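Subject: Structure for you to look at

Hello,

Here is the structure I said I would pass on. Please open it first, then read the notes below alongside it.

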Amino acid sequence: MNIDAKKEFNTEVLVIGGGPAGVCAAISAARMGVKTLLVEQGGFSGGMATRGLVGPFMTCYDAEGKEMIIRGIFEEIVDRMVERGYAIHPSEVMGGTAFTSWIKIGHDHVTPFEAEGLKLILDEMLQEANVSILYHTSFLQPVIEQDTIKGAYVSSKAGIQLINAKVIIDCTGDGDVAARSGVPFEMGNEELGLIQPATMFYHISNVDSDKVEADIQANINNFYRKDGVNYRSLHWRVSEARENGDWTLDRVSIGLFRMPKKDEWCVNTSRIMGVDSTDNESLTKAEIEGRKQADEITRFFRKYVPGCEDARIKSTASHVGIRESRHIAGEYRLTADDLLQAKVPYDTVFIAANSVDVHGRFGPKSNEYVPISGKYYGVPYRSLVPKKIENLLIAGRCVSADSTAAGAIRVMPPCMAMGQAAGTAAALTVKSNCTVRECDVKLLQNTLVENGACLGI
């Protein structure tokens with residue numbers, strides 16, 4: 001494609017996408033003294049955590065709930081939010097409570113947080129690290145020379161612009177840079193022809209939380225699982241509403257997570273099947289359907305749930321929550337067995353213990369949640385290095401993994417650890433004047449540990 005750029009930028013590391021992975025990639029690269037530019041299509045950073053209102057941060061602890069193992073920049077972000085009153089530290093949050101929607105397995109030590117506070121914290125940390133930021137800027141096409149990425153064309157109100165870079169990190173979530181560079185990929189679970197459903201996250205306020213919790217506690221012994229479907233929070237109220245014709249959604253219970261302010265809750269309940277987040281028509285339909293479902297759920301709250309009679313929608317997400325799209329082909333394809341068997345490969349760049357979490361595989365009501373067998377697993381650097389193209393890294397939910405494995409590491413703390421690893425590798429590549437494929441893995445691991453990461457090796 002022949003594009004006439006109106007302006008040209010030069011940087012050493014270019015991070016495309018300012019979500020959880022992207023901000024950590026940019027901060028880690030810039031802190032190592034390399035010139036770093038972050039491009040984000042929205043007006044703020046945080047991605048699914050801010051635009052998507054996805055919350056809470058899932059666990060950052062080992063499978064036993066004893067040790068915080070996702071640390072580094074993620075921990076810095078959490079500590080800053082806690083200090084400013086925007087979050088509750090994960091050490092204070094246990095599974096089986098209102099902060100975890102009363103789910104126990106895999107939900108010890110989640111982090112409730114406020115999206116507005118996170119926006120501010122991320123801006124501050126990016127600026128402190130001397131990251132150059134271009135908000136309101138969308139990626140168009142890569143510049144490829146002899147299988148090496150040299151830069152990217154972007155679009156904004158200023159027109160089409162060219163950014164030259166030595167290393168590019170694809171943190172778009174959907175793997176847009178890698179896909180448009182010709183890197184092979186899988187779309188969802190191609191074997192089953194499925195993509196995990198999307199959710200319109202939203203927040204409600206003006207809730208009498210004591211009454212909500214009392215209703216849950218009075219029925220908590222009635223939580224059960226049948227035919228792949230979890231009957232958990234408020235399933236007795238949903239059943240009543242369905243019988244009365246006030247509930248049309250293919251859900252049987254409510255994902256309801258208390259937030260730092262006592263009267264506010266994050267609602268993770270809507271379910272939109274068959275969404276292709278790489279297609280604007282599909283996304284448009286999903287956004288419209290998501291807001292419609294949020295309205296129905298809120299009317300249900302007001303009519304059927306004690307303590308929610310005066311509840312109101314505080315905000316719906318400005319982008320529907322996406323669990324899955326492209327899985328980019330990397331030097332190593334992480335598998336579900338790798339995670340479930342708690343393997344820690346030689347080139348591990350972060351460890352995590354997040355359970356495999358797959359929605360909708362057996363219909364819109366279904367959920368699969370499978371905890372790992374050991375304390376934690378490792379994610380290899382090779383999964384961040386895409387095939388075919390040089391000097392491109394990937395971080396976030398588009399990482400090289402099968403659909404089931406991605407169901408575990410797509411959540412935000414692993415994505416942030418992945419971003420820190422990718423940013424550190426990019427900086428080392430620039431400093432060593434080598435390709436990302438030639439990056440010294442031992443040096444990368446040592447540098448990550450020096451900067452607060454846990455690797456388990």
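Please keep in mind that this is a predicted model.

Most peptide bonds are trans, and most residues other than glycine have a negative phi. The places below depart from that pattern.

Start in the loop between β3 and α2, where L53 lies. Strand β3 covers residues 36-39 and helix α2 covers 72-83. L53 is not a glycine, yet its phi is positive, near 50°. Is L53 buried or exposed? Its relative accessibility is 8%, and buried means under 20%, so L53 counts as buried.

P56 sits in the loop between β3 and α2 too. The peptide bond that leads from G55 to P56 is cis, and its omega is near -5°.

Next, go to the loop between β11 (224-226) and β12 (229-231), which holds D227. This residue is not a glycine either, and its phi is positive, about 55°. D227 has a relative accessible area of 72%. The cut-off for exposed is over 50%, so D227 is exposed.

Last, look at helix α10, residues 412-432. How far apart should its ends be? At 1.5 Å a residue, its 21 residues should span 30 Å. The C-alpha atoms at its ends are 30 Å apart, so the two values agree. Of the 21 residues in α10, 19 are buried, so the helix is mostly covered. N433 follows α10 and has a positive phi, near 55°.

Regards

Terms used:
Residues are numbered from 1 along each chain as its sequence is written. This is a predicted model: local features need pLDDT of at least 70, side-chain atom pairs count only at pLDDT 80 or more; totals for chains, interfaces and linings use all residues. Side-chain values use heavy atoms; hydrogens and water are left out. Helices (H or I, at least four residues) and strands (E, at least two) are DSSP runs, numbered from the N terminus. Buried means under 20% relative accessible area, exposed over 50%, partly exposed in between (1.4 Å probe, protein chains only). The expected span of a helix is 1.5 Å times one less than its number of residues.
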